[in-house]
Amino acid sequence: NSTKLVNLVEVVHSFARKCVNLSIMSNDLPPILIPRASEQPFERLVYGFADTPFGRAIIAFNGVAICALWFCDGNENDTLNALKRDFAADEYSRDDSRAEQIVQRIIARQTSDLILEVEGSEFRLNVWQQLLSTTSAKTLTYGELTERCGLVRGAVRAVASAVASNQIGWIIPCHRIVRSRGDIGRFRWGEERKRAMINWEKSSK
């Protein structure tokens, strides 16, 4: 099974590269979400820091795929050390220009040919895929997201846990999920930033 998964991921990577090179993917489509094929440390992880409308961020890449986008609330070294704890690799290299290009593409809403590599159960992949299908500038409650995932309402807590575990902030838009009683709800990178992200999407619609 692991061999089949590795082969599938290689096929998706190859197809996505061709799509990027030929520029044939529609901007109406969400980014490509693929599961990580191995739990072993990455051979080489590229990371970069960039400014966003919501503060400084770090973006990490495994080959052509994005595997993390975190906002920085402390200094860069603290954020990088935290990233290295969650994303162990044999080698790290820094490329800020690559991170800056990704930020500009998100702002321009040109993300359909981005490849997002995530690690998680099928349940969590389903939740993240549904997040990618949400509409910019519109929010959903956790209950509504649960229904979109084809799950019973009793699964709301598990869905909320999957939302909170998202490692690719902003691109996988976990900030669009709010509580049913109307308040903004928690956010890994702060409620104030979450509110700013929602308002930014509405104003730049």
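Strand β6 (residues 115–118) is covered on both faces. Ile115 and Glu117 are buried on one side, Leu116 and Val118 on the other. Buried means under 20% relative accessible area, exposed over 50%, and partly exposed in between (1.4 Å probe, protein chains only). This is a predicted model: local features need pLDDT of at least 70, side-chain atom pairs count only at pLDDT 80 or more, and totals for chains, interfaces and linings use all residues. Residues are numbered from 1 along each chain as its sequence is written, and side-chain values use heavy atoms, without hydrogens or water.

**Strand pairing around β6**
- Helices (H or I, at least four residues) and strands (E, at least two) are DSSP runs, numbered from the N terminus.
- Two strands pair if DSSP finds at least two bridges between them.
- Strand β1 (residues 32–35) pairs with β6 in the parallel sense, over four bridges.
- Ile115 in β6 is the bridge partner of Ile32.
- Strand β4 (residues 65–71) also runs parallel to β6, joined by two bridges.
- Leu116 in β6 stands opposite Ile66.

**Helix α6**
- In helix α6 (residues 156–164), Val159, Ala162 and Val163 are the buried residues.
- They lie on the same side of α6 because they cover an arc of only 100° around the axis, taken from the directions from the helix axis to the C-beta atoms.
- The face turned away from that buried side carries exposed Arg157 and Ala164.
- The buried residues of α6 pack against α4 (122–132), α5 (142–148) and β8 (177–178).

**Confidence**
- The protein chain averages a pLDDT (the predictor's confidence in each residue, from 0 to 100) of 89, and 86% of the residues score at least 70.
- Over residues 1–8 the pLDDT is below 50, and this stretch has four contacts (heavy atoms within 4.5 Å) beyond near neighbours in sequence.
- Residues 15–26 also have pLDDT below 50, with 10 such contacts in the model.
- Where pLDDT is low, the predicted coordinates should not be read in detail.
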